[in-house]
Amino acid sequence: MSPPTMTTAAAATATAMAAGVLPRPRPHFLRRGILPSAASPLPFASRVSSAAPLRHRLPPPRFSLSPIPKTLSSPSHVPVRSLFTGIVEDVGTVRRIGPPPAPPSGGGGEAPGVDLEVETSSLLAGTQLGDSVAVDGACLTVAAIDAAASTLTFGVAPETLRRTSLGGRSAGDAVNLERALTPASRMGGHFVQGHVDGTGEIAAFRAEGDSLWVTVRAPPEILRLLVPKGFVAVDGASLTVVNVDEEGGWFDFMLVRYTQDNIVLPNKKVGDKVNLEADILGKYVEKLLAGRLEAMSKAGKRRE
């Protein structure tokens with residue numbers, strides 16, 4: 001019988017390897033010790049039995065867009081506390097803002113905080129104590145739920161009252177509401193943290209067709225972070241900047257008919273305050289550039 005050809009020999013060897021009769025050759029980079037062998041799996045390898053083939057798999061990322069679960073105990077789990085899109089879910093109505101009701105015992109001598117109670121028709125379902133809700137763009141924590149009255153109550157910190165327009169709200173006022181993202185949410189707007197940078201003032205309304213131009217006066221520290229066709233959150237609504245005039249101290253944007261019908265802004269008056277949050281990406285870029293310029297300046301002085 002003539003010896004087998006190279007092709008037949010290669011096929012026979014491959015068949016023997018697949019059947020486990022012959023060991024598979026180790027790649028050259030394993031023989032040289034560049035990577036660990038199967039006997040010493042990578043740190044992130046899945047735990048498998050010795051009889052199962054070794055598969056290396058990265059663990060799932062340890063972050064979440066949902067609020068921290070009440071049963072979470074792992075210190076290595078670092079979730080994002082809250083994130084919004086600027087797509088308003090509901091327009092609620094302020095029912096009460098002021099000190100919380102006094103406890104029956106009379107309480108201590110500490111200064112009372114401020115509660116904001118908001119009636120909402122659609123946010124009660126699925127909302128739990130401790131959840132984050134953006135109220136006119138300010139991220140607040142649900143402290144009480146009254147299903148019978150269809151209200152959510154939030155505690156408002158002094159810093160929030162100073163930096164936002166919430167301190168000027170009164171019973172009967174309308175407010176934009178949006179719950180924090182979940183992993184299943186659609187990202188319809190932009191990344192909104194609910195950390196209001198400051199307030200602006202409505203300078204003008206102007207209709208064009210069925211759309212509405214809105215001009216807002218804003219402080220320089222916010223205007224420098226805005227760019228035409230960039231994002232801005234106004235009272236928590238994700239909007240597209242059209243023009244920015246840093247010398248004049250204003251920017252503007254346009255509201256289409258649907259947006260006008262589903263947010264509070266068109267019902268406000270010239271001179272009313274609005275909460276403003278610039279795009280977080282602009283803040284990171286500004287800080288990185290400032291640090292780079294400072295380092296270059298220090299290096300230049302050392303060379304002199």
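**Entry 1**

I looked up Thr151 and found it in strand β5, which covers residues 151-156. Strands (E, at least two residues) and helices (H or I, at least four) are DSSP runs numbered from the N terminus. The model is predicted: local features need pLDDT of at least 70 and side-chain atom pairs count only at pLDDT 80 or more, while totals for chains, interfaces and linings use all residues. Residues are numbered from 1 along each chain as its sequence is written, and side-chain values use heavy atoms, with hydrogens and water left out.

Is Thr151 buried or exposed? Thr151 counts as buried because its relative accessibility is 2%. Buried means under 20% relative accessible area, exposed over 50%, and partly exposed in between, with a 1.4 Å probe and protein chains only. Leaving out residues up to four places away in sequence, I noted that Thr151 touches Arg95, Glu117, Val118, Glu119, Leu124, Ala144, Ile145 and Asp146. Contact here means heavy atoms within 4.5 Å.

I then turned to Ser150, in the loop between β4 (138-146) and β5. Ser150 has a phi near 55°, a positive value in a residue other than glycine. Ser150 counts as partly exposed because its relative accessibility is 25%.

**Entry 2: Lys229**

I recorded a positive phi at Lys229 as well, about 70°, although Lys229 is not a glycine. Lys229 sits in the loop between α4 (220-223) and β9 (231-234). Its relative accessibility is 64%, so Lys229 counts as exposed.

**Entry 3: Val175**

I located Val175 in strand β6, residues 174-179. Val175 has a relative accessible area of 0% and is therefore buried. Which residues does Val175 contact, leaving aside its neighbours within four places in sequence? I listed Asp90, Val91, Gly92, Val94, Val118, Val135, Asp136, Arg169 and Val264. I also noted that the C-alpha atoms of Val175 and Thr93 are separated by 6.2 Å, although these residues are 82 apart along the chain.

**Entry 4: The cavity**

I searched the whole structure and found one cavity of 30 Å³ or more. A cavity is a set of points, on a 1 Å grid over the protein atoms alone, where a 1.4 Å probe fits but cannot get out; lining residues have an atom within 4 Å of a point. Grid points are joined across faces, edges and corners, and a volume is the space filled by probe spheres set on the points. The largest cavity holds about 40 Å³ of space.

Its lining consists of Val88, Ala134, Asp136, Gly137, Asn176, Leu177, Glu178, Asp235 and Gly236. Strand β6 gives the largest share of this lining, three residues.

**Entry 5: Helix α6**

I examined α6, residues 280-303, which has 24 residues. How far does α6 reach from its first C-alpha to its last? The helix reaches 35 Å, close to the 34 Å expected at 1.5 Å a residue. The expected span is 1.5 Å times one less than the number of residues. I found Ile280, Lys283 and Gly300 to be the buried residues of α6. Strand β12 (273-278) is included in what covers them.

**Entry 6: The whole chain**

I noted six helices and twelve strands in the protein chain. Of its 304 residues, 32% are buried. Among contacts with a separation of 6 or more, 63% are between residues 24 or more positions apart.

Methods: On a 1 Å grid over the protein atoms alone, a cavity is a set of points where a 1.4 Å probe fits but cannot get out, and a pocket is an open set with protein on both sides within 12 Å along at least five of seven lines; lining residues have an atom within 4 Å of a point.
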